[in-house]
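Visitor: I would like to learn how to read the features of a model such as this one. Please show it to me and take me through it.

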Amino acid sequence: MKKIVITLILALTFTISKANEKEIIAEIVFENLTGQELHAGEFFITETKERIIINDTKSFKITLPGKGKYQFRFATNDFTAYTYYPSVITHKNNTITIRLVSKTESTFNTNTFSFSMNLESDLTDQQIAQRIAMGKVNFITHGLDNKIPKEFIDFKGKYGIGLRKENCTMDPISFKKATENNQIISDYLTRIYGNEWQKELPNKPFGLK
């Protein structure tokens with residue numbers, strides 16, 4: 001009986017050890033380019049649905065279930081935040097960088113289309129997420145002015161996706177491209193966040209129901 005108990009303990013210890021070997025400790029570091037302090041923010045891990053409240057820019061670590069592709073996001077009302085990380089998280093490539101820049105409306109009016117003119121509909125969610133992290137993804141709309149509603153500024157701060165306004169004159173090809181551009185972004189957001197994100201838009205860009 002004693003030998004059986006010892007065997008069970010050793011087997012359990014071995015199983016726990018193997019499970020721990022698969023886990024990956026990733027480090028989150030901040031690049032604050034503003035000189036201002038971070039007062040509040042929230043770090044998201046899409047795959048594990050984990051949310052971590054952050055109150056400063058000190059580095060911290062997280063435990064992931066194993067090697068693989070993950071999507072991370074950081075939201076704050078204090079800054080515009082961009083998140084950079086390896087396409088595959090491993091024991092060696094495990095650093096996630098959050099870059100903080102001043103939140104200004106000027107960051108919205110860059111890049112007419114988020115994707116190339118063939119609209120690259122075969123992009124993976126990871127590739128789209130990387131473009132969002134680089135600040136290259138924008139909804140497209142047309143209007144009489146370039147004023148960006150405050151709700152869209154808040155939306156970009158949370159989701160990393162901005163709004164690009166073109167002039168009110170619009171040919172059929174431009175309308176088609178803008179609609180397809182917006183639909184790709186909409187489909188991505190729905191896959192990642194469900195339908196909740198739509199409630200945070202003051203109005204819907206072209207092509208969105």
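**Sheets, burial and a pocket**

Guide: An open sheet of four strands runs in the order β4-β1-β7-β6, and its pairing is mixed. β4 (60-64) and β6 (80-84) stand at the edges with a single partner strand each, so one side of each has no neighbour in the sheet.

Visitor: What should I know about the model and its numbering?

Guide: The model is predicted: local features need pLDDT of at least 70, side-chain atom pairs count only at pLDDT 80 or more, and totals for chains, interfaces and linings use all residues. Residues are numbered from 1 along each chain as its sequence is written, and side-chain values use heavy atoms, with hydrogens and water left out.

Visitor: How many helices and strands does the protein chain have?

Guide: Helices (H or I, at least four residues) and strands (E, at least two) are DSSP runs, numbered from the N terminus. The protein chain has four helices and nine strands, in the sequence pattern α-β-β-β-β-β-β-β-α-β-α-β-α.

Visitor: In which sense do β1 and β7 pair, parallel or antiparallel?

Guide: Strands of a sheet pair through backbone hydrogen bonds, in either sense. Here, two strands count as paired if DSSP finds at least two bridges between them. Strand β1 (residues 24-32) and strand β7 (residues 95-101) are parallel, over six bridges. Ile28 stands opposite Ile96 in β7.

Visitor: How is burial read, and is Thr97 buried or exposed?

Guide: Buried means under 20% relative accessible area, exposed over 50%, and partly exposed in between (1.4 Å probe, protein chains only). Thr97 lies in strand β7 and is buried, with a relative accessible area of 15%. Leaving out residues up to four places away in sequence, Thr97 touches Val29, Glu31, Tyr82, Thr83 and Tyr84; contact means heavy atoms within 4.5 Å. Of the 209 residues of the protein chain, 41% count as buried.

Visitor: Which strands form the three-stranded sheet?

Guide: Its order is β3-β2-β5, an open sheet with antiparallel pairing. β3 and β5 are the edge strands, each pairing on one side only. The twist averages 20 degrees from one strand to the next. β2 and β5 pair over four bridges. In β5, Arg73 is the bridge partner of Phe44, and Ala75 is that of Glu42.

Visitor: What covers the faces of a strand like β5?

Guide: In a regular strand the side chains alternate between the two faces of the sheet. Both faces of β5 are covered: Phe72 and Phe74 on one side, and Arg73 and Ala75 on the other, are all buried.

Visitor: Which residues are closest to the centre of the largest pocket?

Guide: Rolling a probe the size of a water molecule over the atoms shows where empty space is left. On a 1 Å grid over the protein atoms alone, a pocket is an open set of points where a 1.4 Å probe fits, with protein on both sides within 12 Å along at least five of seven lines; lining residues have an atom within 4 Å of a point. The largest pocket holds about 500 Å³, a volume being the space filled by probe spheres set on the points, which are joined across faces, edges and corners. Of its 27 lining residues, the closest to the centre are Phe44, Thr46, Arg73, Ile192 and Tyr193. α3 gives the most to the lining, with four residues.

Methods. Axes are lines fitted to C-alpha atoms, for helices over the stretch in contact, and angles run from 0 to 180 degrees between N-to-C directions.
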